Amino acid sequence: MSDVPMSVANVAAVAQPVAESSGSIWGYVAAGSVALLVLAGIFAYRKINQPAFVIKQVRKKNLKEMQKQGTENSEFMVDMDRLLDSILRYTTENKKKGSDVVTLLKPLNDKERIKTPRDMYQSMIFIAKDVNDTALAKDLQNKSKQVKSSSALMAGLLKRAGIN
């Protein structure tokens, strides 16, 4: 007789599964994946719908266009940055969202309204007044009278806006 009370065959016959599986776990994996994707989408939407993110994207696109033109240090870019800073300050103080920033910037993309560089400045003046920055509006008003309509920079901006 051996010291082992049961044989290996008896142990295998006595052993039973701890939990019965009623089916595949892939349904739970898929449901968890969908839940994670929904949460990631909500997080991404909240991140994208912030005024700072929208203004950062506008600046990035404008800088890229100006680098193509070779005029990234122009007076117009300084004015545009001042306008974007003013919009950011206004939207932060009034707890606005990124979609509100897009609404504020709509006059700059209006093809019917902007035909000349002076019209571009007039749109910027309209936005500055809309965000209650009268000092910037007055400064832009003075510069709109001095703007050259044939500058390469303004032609590039108008082309980017799809006007030319």
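Predicted model: local features only at pLDDT ≥ 70, side-chain atom pairs only at ≥ 80, totals over all residues.
The secondary structure of the protein chain comprises 8 helices and 0 strands. Read from the N terminus, the order of elements is α-α-α-α-α-α-α-α. Of the 164 residues in the protein chain, 29% are buried. Among contacts between residues at least 6 apart in sequence, 61% join residues at least 24 apart.

The packing of helix H4 (residues 75-93) with helix H6 (residues 117-130) is considered first. The axes of these helices come within 10 Å and cross at roughly 25°. This crossing angle makes H4 roughly parallel to H6, angles under 35 degrees being assigned to that class. The crossing of H4 past H6 is left-handed. On the H4 side, the contact is formed by Phe76, Asp79, Met80, Leu83, Ile87 and Tyr90, which meet Met120, Tyr121, Met124, Ile127, Ala128 and Asp130 of H6. By residue class, this contact consists of 10 nonpolar and 2 charged residues, with no polar ones.

The structure contains 1 aromatic pair. The ring centres of Phe76 and Tyr121 are 5.6 Å apart and the ring planes lie at 80°, so the arrangement is edge-to-face; the cut-off for this class is over 60 degrees. Because Phe76 belongs to helix H4 and Tyr121 to helix H6, the pair ties together parts that are 45 residues apart in sequence. Phe76 has a relative accessibility of 3% and therefore counts as buried. Tyr121, with a relative accessibility of 5%, likewise counts as buried. Both assignments rest on a threshold of under 20% relative accessible area.

A further contact involves H6 and helix H7 (residues 134-146), whose axes come within 9 Å and cross at roughly 170°. H6 and H7 are therefore roughly antiparallel to each other, the limit for this class being over 145 degrees. The H6 residues in this contact are Arg118, Tyr121, Gln122, Met124, Ile125, Ala128 and Lys129, and their counterparts in H7 are Leu136, Ala137, Leu140, Gln141, Lys143 and Ser144. The residues of the contact divide into 7 nonpolar, 3 polar and 3 charged.

Tyr121 of helix H6 takes part in the contact with H4 and in the contact with H7. When residues up to four places away in sequence are excluded, Tyr121 touches Phe76, Asp79, Leu140, Lys143, Ser144 and Val147. Among these, Phe76 and Asp79 are listed in the H4 contact with H6, whereas Leu140, Lys143 and Ser144 are listed in the H7 contact with H6.

At a relative accessibility of 3%, Ser86 counts as buried. Beyond residues up to four places away in sequence, Ser86 touches Val131, Asp133 and Leu136. Of these partners, Leu136 is also one of the H7 residues that meet H6.

Conventions:
Residues numbered from 1 in each chain as written. Heavy atoms only, no water. Axes fitted to C-alpha atoms, helices over the stretch in contact; angles between N-to-C directions. Helix = DSSP H or I, 4+ residues; strand = E, 2+ residues; numbered from the N terminus. Parallel < 35°, antiparallel > 145°, perpendicular 65-115°, else oblique. Left-handed = near helix turned anticlockwise from the far one by under 90°. Contact = heavy atoms within 4.5 Å. Nonpolar A, V, L, I, M, F, W, Y, C, P; charged D, E, K, R; others polar. Phe/Tyr/Trp six-rings, centres within 6.5 Å; stacked < 30°, edge-to-face > 60°. Buried < 20%, exposed > 50% of the residue type's maximum accessible area, 1.4 Å probe, protein only.
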